[in-house]
Amino acid sequence: MSPNHVAELVELLQLEQLEDNLFRGQSRDIGTRFVFGGQVLGQALAAAQQTVDVAREAHSLHAYFLRAGDIEAPIVYNVERTRDGGTFSSRRVVAIQHGQPILNGSISFQLPEHGVEHQTTMPEVPAPEDVEPLHPLPPDELERLPVKLQRWLGIDGPFEFRQVWPRDERHPAKRPPIQHIWFKLTSPIDDAAILHRALLAYASDFHLIGTATLPHGISYLTHNVQMASLDHALWFHRPFRVDEWLLYSFDSPTAQGGRGLARGQIFSRDGVLVASTAQEGLIRLRAE
């Protein structure tokens, strides 16, 4: 895996400032039909962070995906400085393409402080070194797929993922809506906590809503399935590094009405809960 992919992703999160509270970001084609939702989340967080004192750390992000993003066009981020209090700052972010909002988000920042401490226990899973890396599809199988899908399934990306319980997305078997995936950047980056949070926001969109498909024997590759993220919530709890192994532990408590809900907990390899996520997504079965 090339460090160039990590450098490209880091650069993607370095937004151009157009005016006070107004920023522009570019898009990266990773093989999805539209802009990857994690990219918009990461860039929205990066934009909001630029309007807050660096001592204030993002602790929560709540966003709605309103429209599919165009990979060929830049995204403009308009940040509203909603409030700066003694401890907390609140920002509202609207991501805009072609004059239309594609994401609305609210992000809260806090000056670090001490308080009560507890956390849930990390699931007992094999260490990342004991989990098989994901293997790319054989070239003859890959070339039979649409070009976009080839890029998605064959990409040598900035993150490495290791599934504790692998699943063949082309032929998914029914199983309980729980999964555990180790992930990290494929090469080291600098120590800036702001950057690590933006990169975690990017990565937090991988595999999340897919957890809600596990009991039904379907996946995003199933020909009559339409899937899309509707919203996304992310809470940062404790310091972490995305260039070191993190365990993403998922579950899906419910699916109904064409929607599925998935939740995630992200742990450092020594068992510290560093972040939590939740997402509802569209899971629609089209008529055959």
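## A helix on the inside

Helix α2 is largely enclosed by the rest of the structure, because 13 of its 13 residues are buried. Buried means under 20% relative accessible area, exposed means over 50%, and partly exposed lies in between (1.4 Å probe, protein chains only). Helix α2 covers residues 37–49. From its first C-alpha to its last it reaches 18 Å, close to the 18 Å expected at 1.5 Å a residue. That expected span is 1.5 Å times one less than the number of residues in the helix.

Helix α5 (residues 193–203) is also largely enclosed by the rest of the structure, because nine of its 11 residues are buried. Among the buried residues of α5 are Leu195, His196, Arg197 and Tyr202.

## What kind of model this is

This is a predicted model: local features need pLDDT of at least 70, side-chain atom pairs count only at pLDDT 80 or more, and totals for chains, interfaces and linings use all residues. Residues are numbered from 1 along each chain as its sequence is written, and side-chain values use heavy atoms, with hydrogens and water left out.

## The whole protein

The protein has five helices and 13 strands. Its radius of gyration is 19 Å, close to the 19 Å that the globule rule gives for 288 residues, so the protein is as compact as a globular protein of that length. The radius is taken over C-alpha atoms, and the globule rule is 2.2 Å times the number of residues to the power 0.38. Helices (H or I, at least four residues) and strands (E, at least two) are DSSP runs, numbered from the N terminus. Along the principal axes, the C-alpha atoms fill a box of roughly 55 × 45 × 40 Å.

How much of the protein is buried? The share is 48% of the 288 residues. The protein exposes about 14400 Å², and carbon and sulfur atoms supply 52% of that area. Accessible areas come from the Shrake-Rupley method with a 1.4 Å probe; for residues, only the protein chains shown count as cover. Take the contacts with a separation of 6 or more: residues 24 or more positions apart account for 73% of them. Contact means heavy atoms within 4.5 Å.

The protein carries 26 positive and 35 negative charges, and their mean positions are 6 Å apart. Lys and Arg count as positive, Asp and Glu as negative; His and the chain ends are not counted. Each charge is placed at NZ of Lys, CZ of Arg, CG of Asp or CD of Glu.

Phe267 sits in strand β12 (residues 259–268). Its relative accessible area is 0%, so Phe267 is buried. Beyond four places away in sequence, Phe267 touches residues including Gln119, Met122, Trp245, Leu247 and Val274. Ser108 is 159 residues from Phe267 along the chain, and their C-alpha atoms are separated by 21 Å.

Thr211 lies in the loop between α5 and β9 (225–229). Thr211 is buried too, with a relative accessible area of 0%. Leaving out residues up to four places away in sequence, Thr211 touches Pro177, Ile178, Gln179, Phe250, Asp251, Ser252 and Ala262.

## Exposed and partly exposed loops

Lys174 is in the loop between β7 (159–163) and β8 (178–185). Is Lys174 buried or exposed? At 65% relative accessibility, Lys174 counts as exposed. Lys174 touches Leu214, Pro215, His216 and Gly217, with residues up to four places away in sequence left out. Lys174 and Leu214 are 40 residues apart along the chain, yet their C-alpha atoms are separated by 5.8 Å.

Pro239 lies in the loop between β10 (231–236) and β11 (246–256). Pro239 is exposed, with a relative accessible area of 76%. Pro215 is 24 residues from Pro239 in sequence and 34 Å away in space, C-alpha to C-alpha. Leu111 belongs to the loop between β6 (100–110) and α3 (139–142). At 28% relative accessibility, Leu111 counts as partly exposed. Not counting residues up to four places away in sequence, Leu111 touches Ala55, Arg56, Gly86 and Thr87.

## Positive phi angles

Asn21 is not a glycine, but its phi is positive, near 70 degrees. Asn21 lies in the loop between β1 (16–19) and β2 (22–25). His207 is not a glycine either, and has a positive phi of about 70 degrees. His207 is in the loop between α5 and β9. At 25% relative accessibility, His207 counts as partly exposed.
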